[in-house]
Amino acid sequence: MSPLSPSAAHSARRPASVAFVGAGPGDPSLLTLAAVAALESADVVVTDQLTKASLVAAHARPDVEVVDASHGTHGQPLTHASRAKIVVQAAKAHPGGRVVRLMDGDPTTFNGLAEEALACRKAGITVDIVPGVTAVTAVPAYAGIPLTSPGASAVHVIAAGDSGADYARSVDPRTTVVLLGNAAALAGALVALADAGRDPATPVALTEQGTTTRQCTHTTDLAHAATVVATLGHPSLAVVGPTVALREQLSWFESKALYGWRVLIPRTQDQAGSAVALLAAHGAGADVVPTISVEPPRTPHQMDRAIKGLVTGRYEWVGFTSVNAVKAVRERFEDFGLDARAFAGLKVAAVGGVTAEALRAWGINPDLVPTGEKSARGLLSDWPEYDADLDPINRVFLPRADIATDTLAAGLQEMGWEVEDATAYRTVRAAPPAPEVREAIKSGDFDAVVFTSSSTVRNLVGIAGKPHPSTVIACIGPATAKTAEEHGLRVDVLAPEASVASLIEALAEYGRALARQAHEAGVPVLRPSARRKVASRRKAR
């Protein structure tokens, strides 16, 4: 073995560099591009009090080491000095590597950056700082409250609980005051601000779990704010000043069609991505519960013969009807040492946009994607008939699931094509979800369930039981709705088109209709799960 060069040996002994990275205020979409790049390069991630494991899982490598720096062995929050020691130890334990200290919100704002970064410098560790979106501006923005206006020209940010804070500087009626801290600290700060001379009629907004789909904002005045804040959870933030009055007109986040809804998606994590994003755009949170497990075919002979046919020019077209089919063919190609170049000269069809994107990620740009309905019927409506003069080969290869219907194959045969299909993957019923998820399904804690196929209905009922009658049932098409009704479910929402986007938009319109009805009746807008709880309490009386 050749010896290391002096520079390489020095690098191997040098502690890892440390990047202090802002995780943002809660909404994962507020993570900056620089933060994502830092997480992707991390060997170790040291997390904060509120940082979600899902944030690390979404952007860091699968083999990244995660160190929890939120609490000590006895459940007490760690001091800044204790966290600094953890960061230094992680850097020394990974010489030449990269440690990301993922900090809630923005590292530079009331977050202990100074103590931890100085400790790293003292230990001879290289430091980078990646600012994050701060709760100081983000939470009021998500509550529909600008910090300045023609009537408010100054902003004071105070860490509630700071015994050295001079509240007399914040009594000017043109000053917006932002207070950060837990409920007890906020209550004390609000009392101190009033005692310093701020007008007790000044509007106050109190927001908990800001920028998340669990955000809740309460408006009051300074005279009553300390009493209201005692009911809040953590994390919390208070805005005091004239701009709070603008919330009534500018509240955009908490007025979304499905704001605060908890929606169940019975699909695999890979398949549910677009639905999760679309629901988030309407203000809903999503729980993904896999109802099927995708497994290889029992024997590979069919697929092996078909792949040999692809390489030798046996087919004119290859039709992909799911992301799973793309994944299965790609994996088999890689087993044989092949890549996307083997598709040269072939025409490729994809049933919809998600499947098309999976092909493009493989380096294949599909020749045909339905312009209308994203389904086998939609694919058939755009697929050209076989023309002996134009098409040198009349065969189509369809890699698909073991339970796939014959709609596409039969339609292509009627159009003159010779169809050869092969089982690319098997779908089997997944294991039941965790007990708390099953209980949430049965008891009505979910506001809605979105079914994207008949199999998702059958499998969810089979592994978890029927959703509660109060839960809104949304189905992607008539066949799925029929299956749901056969299982005793009341279908509330039916997508006008057989696509996930259409299904989520139809559910959002249902939410808007509920809100309109509540406004017309002069009652609060309640989610389906909340309406069930209110009805249960009334019944108990």
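Okay, let's start with a term: helices (H or I, at least four residues) and strands (E, at least two) are DSSP runs, numbered from the N terminus. What we have here is a predicted model, where local features need pLDDT of at least 70 and side-chain atom pairs count only at pLDDT 80 or more, while totals for chains, interfaces and linings use all residues. Residues are numbered from 1 along each chain as its sequence is written, and side-chain values use heavy atoms, with hydrogens and water left out.

So, the overall picture. The protein has 20 helices and 20 strands, and its C-alpha atoms fill a box of roughly 90 × 80 × 45 Å along the principal axes. Of the 541 residues, 47% are buried; buried means under 20% relative accessible area, exposed means over 50%, and partly exposed is in between, with a 1.4 Å probe and protein chains only. Say contact when heavy atoms are within 4.5 Å. Among contacts with a separation of 6 or more, 65% join residues 24 or more positions apart.

Now let's go to helix H17, residues 454–464. Why do I call H17 largely enclosed by the rest of the structure? Because nine of its eleven residues are buried. Those include Ser454, Val457, Leu460 and Ile463. And what do the buried residues of H17 pack against? Their partners are strands E11 (262–265), E13 (292–295), E17 (418–429) and E18 (448–451), plus helices H16 (435–443) and H18 (478–486).

Another glycine to look at is Gly411, which sits in helix H15, residues 407–414. Is Gly411 buried or exposed? It counts as buried, because its relative accessibility is 11%. Gly411 and Ala187 are 224 residues apart along the chain, and their C-alpha atoms are separated by 69 Å.

Okay, out to the surface. Phe110, Val155 and Val157 make a nonpolar patch there, with about 240 Å² of accessible area together. A patch takes residues with over 30% relative accessible area and no salt bridge, joining like charges within 9 Å and nonpolar side chains (Val, Leu, Ile, Met, Phe, Trp, Tyr) within 5 Å. A salt bridge, in turn, is a side-chain nitrogen of Lys or Arg within 4 Å of a carboxyl oxygen of Asp or Glu. The areas come from the Shrake-Rupley method with a 1.4 Å probe, and for residues only the protein chains shown count as cover. Val157 lies in strand E6, residues 154–159, and is partly exposed, at a relative accessible area of 34%.
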